[in-house]
Amino acid sequence: VGSCRIEAEFRGIHPGGVSVCAFGFGVRATEILASASRGGGGAIQVLDWRRGVILATSRPKAPVVSLKFCPFKGHTLSTCGGGSVAFWTLDEGGGTLKGLEATHSDSPALCVDYVEVGGGDVE
């Protein structure tokens with residue numbers, strides 16, 4: 001059996017706790033981590049966890065139950081929860097997390113994922 005060690009630990013970023021987190025894809029795949037606060041009114045944080053730096057913060061309309069980076073576009077992130085699905089883009093230099101959020105109340109989305117279709121388009 002191998003051993004494990006803590007690479008990084010963050011305190012105070014999400015005072016109410018973390019509901020979900022995901023590592024990014026792309027150029028700095030092993031360095032970018034996104035996390036969402038537990039409960040309503042929480043925040044999405046994108047961090048460079050190796051340097052211990054918050055790159056961007058945003059507040060979604062609904063509590064986040066799932067988040068995932070797009071494996072085809074490394075600075076794109078999607079979230080869902082509470083009848084809402086959102087797509088976020090982290091600018092190349094970090095610092096800004098822009099979102100497009102769609103609300104639907106028929107049934108809650110519980111997870112998000114990406115597929116590549118046709119000539120490399122992402123849906």
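This is a predicted model: local features need pLDDT of at least 70, side-chain atom pairs count only at pLDDT 80 or more; totals for chains, interfaces and linings use all residues.
This tour moves from the whole chain to its nonpolar core, then to an aromatic pair and a glycine in a loop.

**The whole chain**

The chain contains zero helices and 10 strands. Read from the N terminus, its elements follow the order β-β-β-β-β-β-β-β-β-β. Switching to a surface display shows an accessible area of about 7,400 Å²; carbon and sulfur atoms account for 54% of that area. Of the 123 residues in the chain, 41% count as buried. For the contacts between residues at least 6 apart in sequence, 38% join residues at least 24 apart.

**The largest nonpolar core**

Next, select Val46, Leu67, Leu77, Leu90 and Leu97 and show their side chains. Within the largest nonpolar core, which has 17 residues, these five touch the most other members. To see where the core comes from, colour the strands β1 (18-23), β2 (32-37), β3 (44-48), β4 (53-58), β5 (66-69) and β7 (84-90), each of which supplies at least two residues of this core.

Now centre the view on Leu97. With residues up to four places away in sequence left out of the count, Leu97 touches Ile44, Val46, Ala56, Ser58, Trp88, Thr89 and Leu90. Two of these partners, Val46 and Leu90, are also among the core residues that touch the most other members.

**The aromatic pair**

How many aromatic pairs does a search of the whole structure find? The search finds one. Select Phe23 and Trp49 to display this pair, whose rings are edge-to-face, with 6.1 Å from centre to centre and 75 degrees between the planes. The pair links distant parts of the chain: Phe23 lies in strand β1, Trp49 lies in the loop between β3 and β4, and 26 residues separate them.

Trp49 counts as buried because its relative accessibility is 13%, which is under 20%.

**A glycine in a loop**

Finally, select Gly74, in the loop between β5 and β6 (76-81). Gly74 has a relative accessibility of 17% and therefore counts as buried.

How values were computed. Residues are numbered from 1 along each chain as its sequence is written. Side-chain values use heavy atoms; hydrogens and water are left out. A nonpolar core is a set of buried Ala, Val, Leu, Ile, Met, Phe, Trp, Tyr and Cys residues joined through side-chain atoms within 4.5 Å. Buried means under 20% relative accessible area, exposed over 50%, partly exposed in between (1.4 Å probe, protein chains only). Helices (H or I, at least four residues) and strands (E, at least two) are DSSP runs, numbered from the N terminus. Contact means heavy atoms within 4.5 Å. Rings of Phe, Tyr and Trp (its six-membered ring) pair if their centres lie within 6.5 Å; planes under 30 degrees apart count as stacked, over 60 as edge-to-face and the rest as tilted. Accessible areas come from the Shrake-Rupley method with a 1.4 Å probe; for residues, only the protein chains shown count as cover.
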